[in-house]
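Here is a short tour for anyone meeting this structure for the first time. Take a look at it, then read on.

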Amino acid sequence: MMRRLLTWLATLGVVMMFAGCAANRPQQVDYAAFKESRPRSILVLPPLNESPDIKATYGMLSQATFPLAESGYYVLPVALVDETFRQNGLTTPGDIHEVSPAKLRDIFGADAALYMKVTSYGSRYQVVSSVTKVTASAKLVDLRNGNTLWTGSATATNDSGSNASGGLIGMLVSAAISQAMNHVFDATYKVAENTSLRLLSAGQPGGILYGPRSPKYQSD
Amino acid sequence: MLKLVTLRKAAFMSAAGSLLLGGCAAPKPLYQWEGYQTQVYEYFKGESKEAQVTALEAGIQKIQAQGGAVPPGYHAQLGMLYLGLGKDEQMAKQFQTEKTLFPESAQYMDFLLKNASRGSNAGNSGATSATGNTTKESQQ
């Protein structure tokens, strides 16, 4: 009896050892195009903003590099890219999102572009308290052929806390706390950081795949 | 009995192993960020470029001292700030460093450097041309 129990425990331990790491991906996400494309670099375009707060575009844009780079991609310098668009008369995200993939590839040499849209950015005051919420969606497009490689969306609020534990996103969340230290008074910016981590980190269900600069490249 | 001991040992080892890996041993960051994103946000908000340069330069010192890796875009961001302050040579150096660290950036960095040299040849301050005016290019 004792022996059977121990055998069972030993087996269970081994199973758990592997189960701890493997994130179950939802079946409906199709990674075929992503795996075929294997982009190395990502051009993050200034996000469209459908929220009333004009800070949304640059609040999100300035915080997209961290999760994407830590997931293993080269991320083109976002402020410099924005400046290049400006020098060419493209000053709104709407205009920029209209530029053809071929033209973007020609100038920036990136393998893929990330098109984001912010639908919620800021605080809603309710009777007893306020909730700060940031919601964004994203689409990754292969600039070599215009194919969509991945889409996703994420929301974070200031009362949701960080429920991410372990894995890349857990590490990023704890590392990020120091990142936004200088912006403790800008509550929405801090929430946008969490939205960005949830939206753009690899190694989570429905997330982007790890890129070539990650030790976990092609493990997913 | 001997078998039982071995099994017990195995059970213990595997339980310990699963605890060890269960949280999926938190990965280490690939880069030492040193407030890169904060400085990018400062730039977008139109804050002082001198202060951003000081912060980014101090960050590089810290990364080098601690043997960390500079994140993508960091040197390019610094280069752009140098350009805004009229320090064209330092700008070019930063763009070159970005390219060396991240060959993925080569095409864009070359594009910027080409624009910068053309800007200075034409007697411009370079500030507008180096960040890449493609219409100028197509007129040639």
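## A first look around

Chain A holds 9 helices and 6 strands. Keep in mind that this is a predicted model. Of the 220 residues in chain A, 48% are buried. Take the contacts in chain A between residues at least 6 apart in sequence: 70% of them join residues at least 24 apart.

Let's go to the nonpolar core next. The largest one has 81 residues, and A:L114 is among those with the most contacts inside it, along with A:I42, A:L43, A:V44, A:A110 and A:A113. Who does A:L114 touch, leaving aside its neighbours within four places in sequence? Its contacts are A:I42, A:V44, A:L45, A:A64, A:A138 and A:L140.

β5(A) and β6(A) run antiparallel to each other, paired over 9 bridges. Between the two strands of this hairpin sit 5 residues, and A:G146 in the hairpin has a positive phi near 80 degrees.

Now for a residue in a loop: A:Y31 sits between α1 and α2 of chain A. Is A:Y31 buried or partly exposed? It has 13 C-beta neighbours inside 10 Å, so A:Y31 counts as partly exposed. From A:Y31 to A:F85 is 54 residues in sequence and 31 Å in space, C-alpha to C-alpha.

Over in chain B, α2(B) is worth a stop. Of its 9 residues, 8 are buried, so this helix is largely enclosed by the rest of the structure. The buried ones are B:Y36, B:Q37, B:T38, B:Q39, B:V40, B:Y41, B:E42 and B:Y43. Just past the helix comes B:G46, with a positive phi of about 80 degrees.

Finally, there is a packed pair of helices in chain B, α4(B) and α5(B). Their axes are 8 Å apart, at an angle of about 165 degrees. That angle makes α4(B) roughly antiparallel to α5(B). The crossing of α4(B) past α5(B) is left-handed. On the α4(B) side, the residues that meet α5(B) include B:H75, B:L78 and B:Y82, while the α5(B) side includes B:M91, B:F95 and B:L101.

Here are the elements from these two pairs, side by side.

| Element | Residues in chain |
|---|---|
| β5(A) | residues 130-142 of chain A |
| β6(A) | residues 148-157 of chain A |
| α4(B) | residues 74-84 of chain B |
| α5(B) | residues 88-101 of chain B |

How values were computed: Residues numbered from 1 in each chain as written. Chains lettered and ligands numbered in written order. Predicted model: local features only at pLDDT ≥ 70, side-chain atom pairs only at ≥ 80, totals over all residues. Helix = DSSP H or I, 4+ residues; strand = E, 2+ residues; numbered from the N terminus. Buried ≥ 20, exposed ≤ 12 C-beta atoms within 10 Å, placed from the backbone. Contact = placed C-beta atoms within 7 Å. Pairing = 2+ DSSP bridges. Core = buried A, V, L, I, M, F, W, Y, C linked by C-beta atoms within 7 Å. Axes fitted to C-alpha atoms, helices over the stretch in contact; angles between N-to-C directions. Parallel < 35°, antiparallel > 145°, perpendicular 65-115°, else oblique. Left-handed = near helix turned anticlockwise from the far one by under 90°.
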